[in-house]
Amino acid sequence: MSQFPFSAILGADDMALALILTSISPDVGGVLVRGEKGTAKSTMVRGLAEVLPAQAVVDGCRFGCDPRRPDPTCPDRAAHREAVLTRAARLVELPVGATEDRVIGSLDLRKALGDARAEFEPGLLADANRGILYVDEVNLLHDHLVDLLLDAAAMGRNTVERDGISVSHDARVVLVGTMNPEEGELRPQLLDRFGLTVEVAASREPATRVEVVRRRLAYDADPDAFVAGYAAAQESLRERIASARSSVGDVRLPDRELERIARVCAGFDVDGMRADLVTARAAKAHAAWHGRTEVTRDDVRAAARLALPHRRRRNPFDAPDLDEDLLDQLLGDDDPTPDDDPTPDDDPTPDDDPTPDDDPTPGGNPPPDGGEPADVRPERAEPQGETTTPGDPADRGDQPAAAAPQGVASAAAPFVTRSFTVRGLGAGQAGRRSRAITDHGRTIGSTRDQVRRLHLPATITAAAHARSRAADGGPLRLHAADLRGAVTQGREANLILLAVDASGSMGARRRMDEVKTAVLSLLTDAYRKRDRVGLVSFRGSEAVLSLPPTSSVEAAERCLRDLPHGGRTPLAEGLTVAARTLQVERIRDPRRRALLVLLTDGRATSGADALARARHIADAWPSTGVDAVVIDCETGRFRMGLAADLARRMRATHVPLPDVAADALTEIVGRSTAQRDGWAA
């Protein structure tokens with residue numbers, strides 16, 4: 001079935017421009033596309049390959065060496081022939097669930113077993129050399145695959161040292177990733193490797209939406225006829241990209257524009273120098289795309305809008321954005337344009353295409369000079385003073401018996417927390433929290449059940465034992481029954497369910513600010529360890545699942561910031577909702593182990609026999625098989641110790657709220673060491 005034409009896609013002008021710029025100049029570094037589902041992200045990326053110029057490769061090379069500059073260390077160097085082949089531009093898709101061997105390559109088991117010859121079988125990085133490596137849902141990619149992509153992106157080469165093989169080959173790929181931010185964010189290290197980033201969203205203009213639906217229905221009814229209708233536009237676009245690619249090296253970057261780039265990057269306080277380089281390369285590509293021989297202010301502005309938003313992030317919960325008013329201030333006034341400045345040709349569009357002729361991006365509405373407006377959220381007024389709860393025994397006074405007041409506490413900047421892990425050895429998805437048997441990690445043994453990663457010494461040992469029993473005296477040969485797989489131990493990602501006591505006994509003493517800061521810090525830790533998170537809150541007379549378990553820690557942070565507090569303390573109900581949520585999640589994903597983090601002062605004041613009911617559930621908690629951490633939020637000179645008693649009943653780890661921070665653990669260890677040394681003396 002024919003691919004939906006790239007030039008027929010509407011409503012994604014920034015994305016089309018970013019993809020074209022990185023195609024003109026691969027040194028820009030690829031594109032990350034963030035957006036809601038159903039916005040044609042994957043369709044546009046796959047359609048890009050249809051408009052890229054063909055490329056020449058060395059005949060007999062599985063790694064796609066460039067005939068003009070063949071890789072002197074190419075594993076297929078001996079098989080290179082004088083002939084030159086022409087092939088279509090490569091777009092290789094990397095599945096989220098791909099194995100490490102499939103990505104970097106591995107030992108060819110057929111030749112190893114049949115001919116007793118170790119030979120390298122290329123992986124996806126070899127297939128994508130000099131082309132595009134596309135990762136859909138890149139934010140869900142396993143950490144060990146992210147590490148491989150980081151190495152390849154940094155070095156432009158893929159190096160394999162395993163299973164008795166030592167191979168290195170070119171892996172100059174343009175990395176393109178698409179993601180839905182609601183499903184989780186991307187690791188900062190990989191985020192920085194994308195040269196450009198764009199946000200896409202469905203158009204709110206009825207006319208545009210009508211035209212999108214009309215084109216899609218026409219394509220579904222007769223794909224071949226629809227593609228044929230855009231053949232001229234596709235060919236014209238292909239020629240324009242080829243022309244820009246051949247001329248981008250001759251585009252001049254004047255010192256005044258280079259200084260403008262430096263001023264913009266410094267003004268936005270970006271980290272490192274990669275932003276300056278990417279902006280300069282993208283500006284030259286933008287000038288070549290418009291047929292100019294010299295970079296102008298407009299080129300710098302267009303490049304900065306795409307290259308800087310994701311480099312300004314300061315914590316995992318800040319969405320990439322750019323203050324375009326500040327951008328215009330930093331860019332300054334435009335310089336006079338020479339009279340002989342070339343004018344770009346009109347974009348090729350079909351006669352029946354409603355797109356204006358002067359649209360600089362194919363198939364879309366003309367992008368505004370300022371781009372999409374930044375996400376502006378109104379600031380929420382914080383409650384003034386202290387909130388109290390008449391129904392709480394600790395806070396009774398001369399207040400009228402009215403509805404309990406509620407407030408919304410604010411959180412301070414997150415801090416580095418102690419590492420809370422699930423006990424034992426799991427077998428879940430690779431991550432960075434608890435110990436587990438994973439596909440990537442330290443080799444601790446071998447198995448013959450599932451051979452995903454070859455354990456070469458164990459395989460040879462098994463073959464040697466089998467041949468010694470045969471006593472034929474011949475050379476050692478491997479058979480399928482001799483294969484042994486490596487058993488590796490690494491770290492897994494877990495489900496972190498936060499149960500937060502938001503009652504009046506917490507808010508009256510101004511503890512909710514500290515509690516929210518601690519929870520925000522735990523969310524930051526969960527983000528870095530690639531965990532799923534959920535949030536249960538309880539106050540008044542009920543407990544609710546405020547946020548079902550999700551990979552989007554950003555969504556959890558938004559839910560936390562809006563969490564109100566006040567009222568009585570339904571501790572039993574909070575534990576019940578937490579247990580029910582964990583039970584459902586265990587059915588959905590049996591391999592993912594969970595950790596309950598309960599933040600409470602241990603009080604229970606809602607309903608009949610509130611404390612007794614809470615203790616009954618706590619006594620039964622070990623039967624759930626879920627590890628728990630009780631963060632004790634009780635403060636003051638006289639303490640009841642209810643949270644500590646709750647932790648003892650649940651067989652949970654008890655941690656006072658001030659000791660959640662990692663530096664607090666260092667102080668605790670230091671005090672313990674000093675006491676031990678004192679006793680020894």
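Predicted model: local features only at pLDDT ≥ 70, side-chain atom pairs only at ≥ 80, totals over all residues.
A residue is called buried here when its relative accessible area is under 20%.

Across the whole structure, the search returns 5 aromatic pairs. In one of them, phenylalanine 63 and phenylalanine 120 have ring centres 6.5 Å apart and planes at 10°, so this pair is classed as stacked. Phenylalanine 63 sits in the loop between β2 (55-58) and β3 (84-87), while phenylalanine 120 belongs to strand β6 (residues 120-121); the pair therefore ties together parts that are 57 residues apart in sequence. Phenylalanine 63 is buried, since its relative accessible area is 2%, and phenylalanine 120 is buried as well, with a relative accessibility of 6%. An aromatic ring also takes part in a contact with a charged side chain: arginine 240 lies over the face of tryptophan 289, at 3.7 Å from the ring centre.

Rolling a probe the size of a water molecule over the atoms shows where empty space is left. The volume of the largest cavity is about 50 Å³, and its lining consists of Phe420, Arg433, Ile496, Leu522, Asp525, Leu595 and Val597. Two or more of these lining residues come from each of the elements α17 (512-528) and β20 (594-600). Sorted by class, the lining holds 5 nonpolar residues, 2 charged residues and no polar ones.

With a disulfide taken as a pair of cysteine sulfur atoms within 2.5 Å, the count comes to 0 disulfides. What keeps cysteine 74 from being bonded? The closest cysteine sulfur to that of cysteine 74 belongs to cysteine 61 and is 3.7 Å away, which is too far for a bond. Cysteine 74 is buried, its relative accessible area being 5%. Cysteine 633 also counts as buried, because its relative accessibility is 0%.

Burial can be followed along secondary-structure elements as well. In helix α2 (residues 41-51), 8 of the 11 residues are buried, so the helix is largely enclosed by the rest of the structure. The buried residues of α2 are Lys41, Ser42, Met44, Val45, Gly47, Leu48, Ala49 and Val51.

Glycine 195 is buried, with a relative accessibility of 1%, and its C-alpha atom is separated by 9.0 Å from that of leucine 175, 20 residues apart along the chain. Leucine 196 is part of strand β11 and is buried at 0% relative accessibility. The C-alpha atoms of leucine 196 and glycine 30 are separated by 6.3 Å, although these residues are 166 residues apart along the chain.

Finally, the backbone holds two points of interest for anyone checking torsions. Arginine 130 has a positive phi of about 65° although it is not a glycine. This arginine 130 is located in the loop between α5 (124-127) and β7 (132-136), where it is buried with a relative accessible area of 17%. Glutamate 137, also not a glycine, has a positive phi of about 55°. Glutamate 137 occupies the loop between β7 and α6 (143-155). Is glutamate 137 buried or partly exposed? With a relative accessible area of 25%, glutamate 137 is partly exposed.

Technical notes. Residues numbered from 1 in each chain as written. Heavy atoms only, no water. 1 Å grid on protein atoms, 1.4 Å probe; cavity = no way out; pocket = protein on both sides within 12 Å on 5 of 7 lines; lining within 4 Å. Points joined across faces, edges and corners; volume = space filled by probe spheres on them. Helix = DSSP H or I, 4+ residues; strand = E, 2+ residues; numbered from the N terminus. Nonpolar A, V, L, I, M, F, W, Y, C, P; charged D, E, K, R; others polar. Buried < 20%, exposed > 50% of the residue type's maximum accessible area, 1.4 Å probe, protein only. Phe/Tyr/Trp six-rings, centres within 6.5 Å; stacked < 30°, edge-to-face > 60°. Lys NZ or Arg CZ within 6 Å of the ring centre and 35° of its normal.
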